[in-house]
2 protein chains.
Amino acid sequence: MASSSRNELSRNETLSLLALSGASLLIIANTFQGDGEPLIASLALSLLAFALAYAMIRWLGPRFVQAGFSGHDMGKTSRPLLPECMGAICAVVYLLAVIVFIPFPFYKDIVAATSGGGNRDVVLHLEYVNQGRFLHRFPHNKLASYLGAIISLQTIALLGIGDDLFDIRWRHKWWIPGLASIPLLVVYFVDFDVTSIVLPIQLQPYLGELFDLGPLYYLYMACVAMFCPQSINMLAGINGIEVSQCLVIALLLAFNDALYLLTPYPHPATDSHLFSLYLLLPWIGVSAALLVHNWYPARVFVGDTYCYFSGMVFAVVGILGHFSKTLGLLLVPQIFNFLYSCPQVFGLLPCPRHRLPRFNARTGLLEPSTTPWSPDRQPHPLVARGLRLMAGLKLVAVTYDKDGLFTETSNFTILNLWLVWRGPLREDRLAWEVTLFQAAVGLFGLFVRHKLALLVFKEDNWGTAVDK
Amino acid sequence: MASSSRNELSRNETLSLLALSGASLLIIANTFQGDGEPLIASLALSLLAFALAYAMIRWLGPRFVQAGFSGHDMGKTSRPLLPECMGAICAVVYLLAVIVFIPFPFYKDIVAATSGGGNRDVVLHLEYVNQGRFLHRFPHNKLASYLGAIISLQTIALLGIGDDLFDIRWRHKWWIPGLASIPLLVVYFVDFDVTSIVLPIQLQPYLGELFDLGPLYYLYMACVAMFCPQSINMLAGINGIEVSQCLVIALLLAFNDALYLLTPYPHPATDSHLFSLYLLLPWIGVSAALLVHNWYPARVFVGDTYCYFSGMVFAVVGILGHFSKTLGLLLVPQIFNFLYSCPQVFGLLPCPRHRLPRFNARTGLLEPSTTPWSPDRQPHPLVARGLRLMAGLKLVAVTYDKDGLFTETSNFTILNLWLVWRGPLREDRLAWEVTLFQAAVGLFGLFVRHKLALLVFKEDNWGTAVDK
């Protein structure tokens, strides 16, 4: 279609992006000259990343198609051929941004500590560097965490591109984020190696306030790092949904981080949340640029790379920022989608290769996709009973033939379930509704986190000087 | 050909690789249990990386061909189709190895410092961690450098694969290593920001012992990081030459590092050279595995990724280990090849797309490839004079027609020049000779470095307690 060959920026777009980039560069230059607030620099850098990703997605689309990265959009009558794997561009722009950002939180201290230069082996001792620093700035000992986070993200980008290239088998795919979490865990091991968790008040009389999980804590972190990317990759299939869910999660995480910046200073968790913001803001920038191109009607596809990378961004900030439980509250729709998918994923029910909603070319609307049953190939009686129960609870759409045998069951994904509830919807309407649902659930999750957590933990770590 | 479908390991290979891996794992487990000498662990890990890379190159070759990474070997009569870009496998295995290695140099200190766990925000202060450490071990403040090095290497892997995928234009290629050097420079800026160089004795009365290059030092480092990958990428074109030159350079760098481990202890440069060994040994491991497959007659090609990545490994250890001048001495053949190529690269003479030696199917030998001249398209008179002068010095092969006009000049690469000097050679013979030349020049370079440097610098930094 014409849309895929429109790979030039319009004059308006060029001017807007140039203005945005210019303003961002000015702000960044200013933070370098003045009293350098790294958060402002991070914000400006994120705007710059938005502009760069926006332009590069447009420019490089045709090159990706030439290199074999393309796919047909099955949700349109004309089934246009679109560039695939545009998430790789986002990942590269993002990585560039977070790498370039490294000096900002340290700049002033470095200038103060090293003025006059010196021989490198006469090492400027860390304590000296630490003296000139305000505690609410990024502390020097977080540098290793930040670098470890970048390494994990680069690893997932490399492996994600490998997946998009070689179409790795599903059961091997599970291990990709696990491999990418190794750098994170290794850096965690070297830098912190703290494996205790705070226990709920109700359990404290028996087990003490802190409980040391030991190596299990690493297993827990690896599971978080493996679950986030996969669960986002599973909530996919219609224009814009991958990016919009990630944007919502990232914005809510950033909102939660911002809460900690407003607390009575000094708060022990402020640094963790600044760290998280430095990693989230550029991702919000490049994701927004991708969403413009990927929203209905999509002109590009995002590829597995985007989902993996995005999930890894969340896992990284959750693990290194020590709020993996909060992260879990924001991923409730993904967790639900994963659990809901289990019967098909683990073979209790047949699982077609693609389970995205079915496009009805006549109405132009999406309908739940289904798994067909023939009279001689019916589900196991126990499974059949489960299906009938779920059908009664409106958790699956089932059609029967005149003998009461199954003929079709809707596929077990949250998108199909939504269509079961709400009836056929246009693609963008479905994406909007699921995105708003994600936002509502996430906001409620944050409310729970900060207000109701006091029921099971001694204190919320926001607004008090005591750590969680 | 049959060679490209032989993608199973033979029984002998399987047993050898399994034995090697088993032994390596035992050694690694032992270093973790015992008094953990990280250098032993690094050696064992490098053997493991060799085994893994060896097997993966064999297994994944056909997948790469399917994904479009393949090329014909023009130096054989049958021009077989071989998998291309196998350097990407080496890069991924290598990155995995150096990431897994991170905790080894720190293990003991961590156990000592964090036994009993504790709340993460009650940060174990670095000073405390530092107390229990022997200085000849990897110091904690090198962690950031190590991570920065990994980030630079991952960036070059990402961009190198992008290059192999999208066939980026030559003039854009120059910037790829420049981009990948950003993480390195940024970490250098944050961690050291030392931009002074030691001046030769002869200049010291006028300018002092140290001279601060300021921002120019960063430019210098960026140039080193851009030159190394490109210069290795330019000395390419026949089976095995890319890998064998890199192996020779890496082995010589490791030999030079080993010299510093034998000095009277404590030596201020020991840490830098340990750091360098930790990064070089696994690269030697995966390169050796690749060489087995890439040596004449090649069963795989290495791709630009390998050359870029390899050059970046050298640049990283040279920059962060502070021996970029020594590195320069080992790269003399590459520097010569680059300078010798300039007339064609910068358009003084026409430059065909490929300048690799020409395969003579009749003799089975390689001959210098040439650029043809027609009577009405002769070089500029000045250039012609230069060519005649160089022909007199045996630096180029020139043929004239009966009127004294140029008909052919050999292409300006060291491989062609070698063939001009030595006459037609078989492909493996040429690779052997150039590799031995590289080794001889490198050894001489190290001799110059350690023996003759005293003429221009106050002291060699090997064997004295004073830093360079």
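Tutor: Before we start, helices here are DSSP runs of H or I with at least four residues, and they are numbered from the N terminus. Also keep in mind that this is a predicted model.

Student: Is the peptide bond from Tyr296(B) to Pro297(B) cis or trans, and what is omega?

Tutor: Check the bond that leads from Tyr296(B) into Pro297(B). That peptide bond is cis. Its omega is near -10°.

Student: What about chain A: which residues does a cis peptide bond join there?

Tutor: Go to the loop between α13 (270–294) and α14 (303–320) of chain A, where Pro297(A) lies. Omega is about -10° for the cis bond there, and the residues joined are Tyr296(A) and Pro297(A).

Student: Is Arg79(B) buried, partly exposed or exposed?

Tutor: First find Arg79(B) in the loop between β1 (70–72) and β2 (81–83) of chain B. It isn't a glycine, yet its phi is positive, about 45°. Buried means under 20% relative accessible area and exposed means over 50%. Arg79(B) has 45% relative accessibility, so the label is partly exposed.

Student: And Cys85(B), buried or exposed?

Tutor: Cys85(B) is in the loop between β2 and α4 (87–101) of chain B. Here's another residue other than glycine with a positive phi, near 70°. The relative accessibility of Cys85(B) is 1%, so this residue counts as buried.

Notes:
Residues are numbered from 1 along each chain as its sequence is written. Chains are lettered from A and ligands numbered from 1 in the order in which they are written. This is a predicted model: local features need pLDDT of at least 70, side-chain atom pairs count only at pLDDT 80 or more; totals for chains, interfaces and linings use all residues. Side-chain values use heavy atoms; hydrogens and water are left out. Helices (H or I, at least four residues) and strands (E, at least two) are DSSP runs, numbered from the N terminus. Buried means under 20% relative accessible area, exposed over 50%, partly exposed in between (1.4 Å probe, protein chains only).
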